[in-house]
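Visitor: Please walk me through this structure by question and answer. Keep it brisk.

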Amino acid sequence: MNNTTGLDDRRDAFNRLGGVLERIPGFNPVRADRHTPHAGRPDGHFTFKVGRKEHHVQFILLTHGYPKQVRSVIHELETTHRQGQTPGTYTVLVAPWFSPETVDLAAAHGYGTLDLSGNYRLHFGLVFLERVGEAASPGVRRQAASLFAPKSARILRALLAVPETDWKVSELVALTGVSQGLVSRVRTELVQRGWAEASGSGVRISAAEELLRSWAAVHQDTPDHTWSGYTLLHGPRLNEVVLNLMSTPVTGQHTLLSGPSAAQWLAPYLRDERQYFQVTPQGFDRLYGALDLESEPSGNVVIRRTDDEGLFLDRIQVAPGYWLTSPVQTYLDLHREGERGQEAAEHLLRTYLQPVWSGNVAPADVPLRTQLSRYRSAL
């Protein structure tokens, strides 16, 4: 399990864990060994005394701290005798970074964790050492964010939009427009992180909420432009113009209600008199003209303009002609709008997304579901 880790990482893990152990009051080192990779053998071992009691701590270096890999290592530790292990040896799992959930998973099985970003939790005998809150290193953050980059996110959108089915790689390629290589890489990443399950039938999301929360944690504005303006239209007349605009076949694919305006249809929470839209550049021009808008920073219309067509892949229809950003995108948009927006996002998660994912509430009309059905029928 440790023959793919680098010498530098092993040395770093050895030094970091040794430094943490030295913080134990009365720490008296006896022996410390850093091992070369070998199946069934830990990456390093420490023997020390605190008073008259001797302690043995070993560490195992993981390439990733994903729940799937941690569960696999725990299973191996609990079912296989490890070479040179002294009875009562405490095991510490080391990885570039662990999520809080993974730290809790390891602790529940009696194992410690230490990541190379500076966080650790060790608990054995009367010893309890913990340091939390250190952000993942830039390299780890870049790797995490890459899963949510626009092209990769199209795959996540499809899986979350039609969560009740197993998606084949060929279906994801055909309906998202991304390469087979990228689909395969994202599929592998999701399974490794424990967010999806793969079988001969395909892949489907198994931990939608955990995936969405991780997405929100790294979500940044897409390369777009937010524009605020003012329209004299209001009430039924405004709704009529917006409906006519979104009902037009061409324009309807480029203009969506978003943010608080989309959430009002799914899980009302915020009181906001402004109208929020997600548009392409083409949609912006048509919306600008239809509403006879004038630029105004504090206006009653907020438009987010983007070139990322993936944001329209999982759009939903809640009434004839009324198109919204997907519940997933609406959650992400709300989550980045400060404390009140995050409260609205959690309300949307509890009252709409969770019931839909559990099958207790029928989802809104998702054209992607129809497209998938037609693709399968054509085979």
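This is a predicted model: local features need pLDDT of at least 70, side-chain atom pairs count only at pLDDT 80 or more; totals for chains, interfaces and linings use all residues.

Visitor: At what angle do the axes of helix H6 and helix H15 cross?
Guide: H6 spans residues 169–176 and H15 spans residues 367–378. Their axes come within 11 Å. The crossing angle is roughly 125 degrees.

Visitor: Which class does the H6 and H15 orientation fall into, oblique or roughly antiparallel?
Guide: Roughly antiparallel needs an angle over 145 degrees, and roughly perpendicular needs 65 to 115. The axes cross at roughly 125 degrees. H6 and H15 are therefore oblique.

Visitor: Is the crossing of H6 and H15 left-handed or right-handed, and how do the contact residues divide?
Guide: The crossing is right-handed. H6 contributes Ser170, Glu171, Ala174 and Leu175 to the contact. H15 contributes Leu368, Gln371, Leu372, Tyr375 and Arg376. These residues divide into five nonpolar, two polar and two charged.

Visitor: How many aromatic pairs are there?
Guide: Rings pair if their centres lie within 6.5 Å. By this rule the count comes to 10.

Visitor: What geometry does the pair of Tyr90 and Phe124 have?
Guide: The ring centres are 4.8 Å apart. Stacked needs planes under 30 degrees apart, and edge-to-face needs over 60. The planes here stand at 35 degrees, so the pair is tilted.

Visitor: Where in the chain do Tyr90 and Phe124 sit, and how many residues apart are they?
Guide: Tyr90 is in strand E4, residues 90–95. Phe124 is in strand E6, residues 120–124. The pair links distant parts of the chain, with a separation of 34 residues.

Visitor: Which residues do ring pairs link into a cluster with Tyr90?
Guide: Tyr90 is buried at 9% relative accessibility. Phe124 is buried too, at 8%. Ring pairs link Tyr90 into a cluster with Phe27, Phe48 and Phe124.

Visitor: Trp265 and Tyr322 form another aromatic pair. Is Trp265 buried or partly exposed?
Guide: This pair is tilted, with 4.8 Å between centres and 40 degrees between planes. Trp265 lies in helix H11 and Tyr322 in strand E16, so the pair ties together parts 57 residues apart in sequence. Tyr322 is buried at 13%. At 39% relative accessibility, Trp265 counts as partly exposed.

Visitor: How far apart in space are Ser99 and Tyr66?
Guide: Ser99 is found in the loop between E4 and helix H3. Ser99 counts as buried because its relative accessibility is 14%, and the cut-off is under 20%. Ser99 and Tyr66 are 33 residues apart in sequence. Their C-alpha to C-alpha distance is 7.9 Å.

Key
Residues are numbered from 1 along each chain as its sequence is written. Side-chain values use heavy atoms; hydrogens and water are left out. Axes are lines fitted to C-alpha atoms, for helices over the stretch in contact, and angles run from 0 to 180 degrees between N-to-C directions. Helices (H or I, at least four residues) and strands (E, at least two) are DSSP runs, numbered from the N terminus. Angles under 35 degrees count as roughly parallel, over 145 as roughly antiparallel, 65 to 115 as roughly perpendicular and the rest as oblique. A crossing is left-handed if the near helix is turned anticlockwise from the far one by less than a right angle, and right-handed if clockwise. Contact means heavy atoms within 4.5 Å. Ala, Val, Leu, Ile, Met, Phe, Trp, Tyr, Cys and Pro count as nonpolar, Asp, Glu, Lys and Arg as charged, and the others, Gly among them, as polar. Rings of Phe, Tyr and Trp (its six-membered ring) pair if their centres lie within 6.5 Å; planes under 30 degrees apart count as stacked, over 60 as edge-to-face and the rest as tilted. Buried means under 20% relative accessible area, exposed over 50%, partly exposed in between (1.4 Å probe, protein chains only).
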